[in-house]
Amino acid sequence: MNDTQTKGQLASARSSDVMIEIADMNKWYDQFHVLKNINLTVHTGERLVICGPSGSGKSTLIRCINALEEHQEGDIIVDGIRLGKNLKNLDHIRTEVGMVFQNFNLFPHLTILENLTMGPIWVRKKSKADAIETAMMYLERVKIPEQADKYPGQLSGGQQQRVAIARSLCMRPKIMLFDEPTSALDPEMIKEVLDVMVDLADTGMTMIVVTHEMGFAKTIADEAIFMAEGDIVERNNPVAFFDHPEHERTRQFLSQIL
Amino acid sequence: MAIINANQTPARAAPISETSILGWLHKNLFSSAFNALLTFFMLYIIYQTVSGVLTWGLFNATFVAENRRECFDNSLTGACWAGVIDWFDNIFYGRYPREEIWRIDFGGLLLALWMAPMWIPRVKGKILVGVSVVTFYPFLAGYLFSGGDKGIFMQVMVAGAIVAFAINMANVVTGLTKNMALNAFLVQMLGQSKSSGKTRRNILLLLATVAFVVAFVWQMGWNVEGVSWTKWGGLFLTMVISGIGIASALPGGILLALGRRSKLPIIRVLSTGFIEVFRSVPLITVLFMATTMFPLFMPEGVVLNKPVQVIIAVVLFNACYMAETVRAGLQAIPKGQAEGAHTIGLGYWGAMGLIIMPQALKHMIPNIVGSFIGLLKDTTLVSIIGLFDLLGMLTSISKDVPWLGLHKEPLIFGAILFFILCFAMSKYSRHLEVKLSSDHKG
Ligand SMILES: Nc1ncnc2c1ncn2[C@@H]1O[C@H](COP(=O)(O)OP(=O)(O)OP(=O)(O)O)[C@@H](O)[C@H]1O
Ligand SMILES: [Mg+2]
């Protein structure tokens, strides 16, 4: 099952520093083997897209990377730090890895600005003025500075997702993880979120994106991987991946979503 | 499809049944013959009740009399409020020495002043106000109410309370006049706005220490006469027990609820056991246990007086109920909130304190206040174990020789008092709920 791995040794165009290294990683939910012997390397500045059918373990994989889920076997090394039981490491990793969820997970009891400044003030110990300045800068970047004083419930889905992206960026992470960031959105809002993500990719951020947006994947991704039943089945550059999938399962899956 | 209506339909005024009083009456009270009959019948009952109550309680009532005999001489069909009025001091203050009652009033006034800033919009640092009340006021009030010698610990806490109170009041003044917090104001006044956070903190610490020393020296000269707890009673005692119960049940409940959800098995099992034991026993049993069992557990020489035993029992009992309320509130918060908090680097306590608990508490306000109301009413049980709380005092009126057999009036008076207290709490919780929910959805 790892024969595709060799094909994936396309080193990143930008840099060859390893940012994320996953080696022989296995994860179980009780008796259920969700992730099977995963090997994956992501270099600094590299953009990786993950596709696969529902339940194949895509979310679980990227949630392992910022330790929202524990893995039982193998190693995950993020930015030179091995994830394990050490809680200090955990807290450190989470400040370096931003994550954007399918359903935003904004804090409904706080204004947009408070959502954005919470991490910098309480975790990074920034002064309030600094935190607000950074927050406003990122709100400009995601093109909704005028919403700063509203509450999440007053924003559209697309706006909320852009706030969620800005909230992660305010922590100035080295890696951004996206778990189907557009699949809870109406079609007309998908583009505004993808635009923000394309901008982000242009800044050279290391990104892992679970998505089935093929056009987007082809524009930004350096690589695409296909997961099924806890395995990484295929790994290739995105154009080849989407246009000429090699594995039968990939072909089947892509024909369904197109 | 053909165009059905090219012009916009103009808006019309609502039909008369929706706007006029007559329309409302017709729609709600007299919409059919049967409804009309029912309306008249209910009006008749209401009239009978109200007029009966007013005649007995007001028109035919006696307000000034020496004893029950005189009440009867004055009117046989009216209430004898004179007995209640004669006992007012007892009802409100118990058997507290009459010339010392000012201490209770003063304590109440201090509390009101201390808490008031929480409702003044422009004052900064409301959470600190709340925390300072809960940590310091009990000691100041405790000394004020019981008096006598104060040990070194008590002296420190009283001095701390004075400083906290003074800071709080000064903070209100700067908040109202300059619209800034006291610390910001002090820093600015001393011309230190440009200094680093560390110097500023040190300067503020120095100021606080000086204030503490001054307060400590000042309070050493204080000397109020000791009042034994056996003299405490009436509404005062009810307020002390339920006040401490209310102030500590929520923090205690939060800790127990977190314990019950903890990943560490020992903490989880202990919390769960504790909660379940207290929840499956009636309060009165806990009260009896507290007064008979605590003395056995206490080290030699330590004697807890009855109000303290009762307060411990009430606090533990209510914390366990509160724990379940809090747990339900926590369960209603989606898991994504904790995950969102973790992804911006907040740890367990950060996520809990800044993200999850504030949202959960907001949902729980009606239940929390419901528990508080229950707690206030449950404190009447302490009269069974021999404390003369409000209810205890009210029932002793009928045993006082001049007012022998006067049951009804004191109990009705007590009911009115409890109603006022509970209704106020309930209204306030409603207000909070509306305020908090309008904050977020706009
Ligand atoms: N907390 C959990 N406990 C037990 N099983 C779980 C848990 N979370 C996920 N699973 C199971 O693990 C498998 C992988 O889940 P995962 O959410 O990673 O899939 P996915 O590829 O992200 O799917 P989708 O496209 O639907 O989001 C699924 O079969 C799911 O039922
Ligand atoms: Mg998923």
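Between chain A and chain B the count is one salt bridge, and in this predicted model that bridge joins Glu339(B) to Arg63(A), with the closest N and O atoms 2.5 Å apart.

**The interface between chain A and chain B**

- On the side of chain A that touches chain B, the elements giving two or more residues are α3 (87–96), β6 (97–100) and α4 (112–122) of chain A, and the residues of that side divide into 13 nonpolar, six polar and four charged.
- Contact involves 23 residues of chain A and 20 residues of chain B, and five residue pairs between the chains are in polar contact, both residues being at pLDDT 80 or more.
- About 1,800 Å² is buried between chain A and chain B, and carbon and sulfur atoms give 63% of that area.
- Of the area that chain A buries against chain B, Arg94(A), Phe107(A) and His109(A) supply 29%, which is more than any other three residues.

- The structure holds one cavity of 30 Å³ or more, and the volume of the largest cavity is about 40 Å³.
- Arg141(A), Val142(A), Ile165(A), Leu169(A), Val196(A), Asp199(A) and Leu200(A) line the largest cavity, a lining that comprises five nonpolar, no polar and two charged residues.
- Both α6 (157–169) and α7 (187–202) of chain A supply at least two residues each to the lining of the largest cavity, and α7(A), with three residues, gives the most.

Key: Residues are numbered from 1 along each chain as its sequence is written. Chains are lettered from A and ligands numbered from 1 in the order in which they are written. This is a predicted model: local features need pLDDT of at least 70, side-chain atom pairs count only at pLDDT 80 or more; totals for chains, interfaces and linings use all residues. Side-chain values use heavy atoms; hydrogens and water are left out. On a 1 Å grid over the protein atoms alone, a cavity is a set of points where a 1.4 Å probe fits but cannot get out, and a pocket is an open set with protein on both sides within 12 Å along at least five of seven lines; lining residues have an atom within 4 Å of a point. Grid points are joined across faces, edges and corners, and a volume is the space filled by probe spheres set on the points. Helices (H or I, at least four residues) and strands (E, at least two) are DSSP runs, numbered from the N terminus. Ala, Val, Leu, Ile, Met, Phe, Trp, Tyr, Cys and Pro count as nonpolar, Asp, Glu, Lys and Arg as charged, and the others, Gly among them, as polar. Contact means heavy atoms within 4.5 Å. Buried area is the accessible area (1.4 Å probe) that two parts lose on being put together, summed over both. A salt bridge is a side-chain nitrogen of Lys or Arg within 4 Å of a carboxyl oxygen of Asp or Glu. A polar contact is a pair of N or O atoms within 3.5 Å; within protein, one must be able to donate a hydrogen and the other to accept it, and residues adjacent in sequence count only if both atoms are side-chain atoms.
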